[in-house]
Amino acid sequence: LPIDAASLHQHLLLRDYLRSHPDQAKSYGEVKQSLVKRHPNDHSAYAGVKTRLINQILAKARKELLQK
């Protein structure tokens with residue numbers, strides 16, 4: 001699948017933010033693991049919650065980026 005520039009930018013922003021905030025990265029991983037346990041057969045529910053989580057992290061990352 002081709003990745004557009006906006007998707008790539010969001011992916012890199014998330015990656016860089018989590019790399020520079022290990023506590024957030026740990027929390028993100030823990031939430032993902034708990035989602036798999038909570039929704040083992042419901043990919044749509046898993047993806048929906050994970051998307052909201054990613055959007056929250058991206059908002060923090062954007063805010064931090066603007067403050068630099």
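The axes of helices H2 and H3 cross at roughly 170° and come within 10 Å of each other. Here helices are DSSP runs of H or I with at least four residues, numbered from the N terminus, and axes are lines fitted to C-alpha atoms over the stretch in contact, with angles from 0 to 180 degrees between N-to-C directions. H2 and H3 are therefore roughly antiparallel, the word used for angles over 145 degrees. Keep in mind that this is a predicted model, in which local features need pLDDT of at least 70 and side-chain atom pairs count only at pLDDT 80 or more, while totals for chains, interfaces and linings use all residues. Residues are numbered from 1 along each chain as its sequence is written, and side-chain values use heavy atoms, without hydrogens and water.

Let us look at where these two helices touch. On the H2 side you will find Gln24, Tyr28, Val31, Lys32, Leu35 and Val36, and they meet Tyr46, Val49, Lys50, Leu53, Ile54, Ile57 and Lys60 of H3; contact means heavy atoms within 4.5 Å.

Now follow H3 itself, residues 43–66. Tyr46, Leu53, Ile54, Ile57, Leu58 and Ala61 of H3 are buried, that is, under 20% relative accessible area with a 1.4 Å probe and protein chains only (exposed is over 50%, partly exposed in between). The buried residues of H3 pack against H1 (5–20) and H2 (22–38).

This leads us to the largest nonpolar core, whose 10 residues are Leu13, Leu14, Tyr17, Leu18, Tyr28, Leu53, Ile54, Ile57, Leu58 and Ala61. H3 gives the most to this core, with 5 residues. Such a core is a set of buried Ala, Val, Leu, Ile, Met, Phe, Trp, Tyr and Cys residues joined through side-chain atoms within 4.5 Å.

Finally, Lys60 sits in H3 and counts as partly exposed because its relative accessibility is 40%. Setting aside neighbours within four places in sequence, Lys60 is in contact with Tyr17 and Gln24. Lys60 and Leu14 are 46 residues apart along the chain, with their C-alpha atoms separated by 9.6 Å.

Conventions: Angles under 35 degrees count as roughly parallel, over 145 as roughly antiparallel, 65 to 115 as roughly perpendicular and the rest as oblique.
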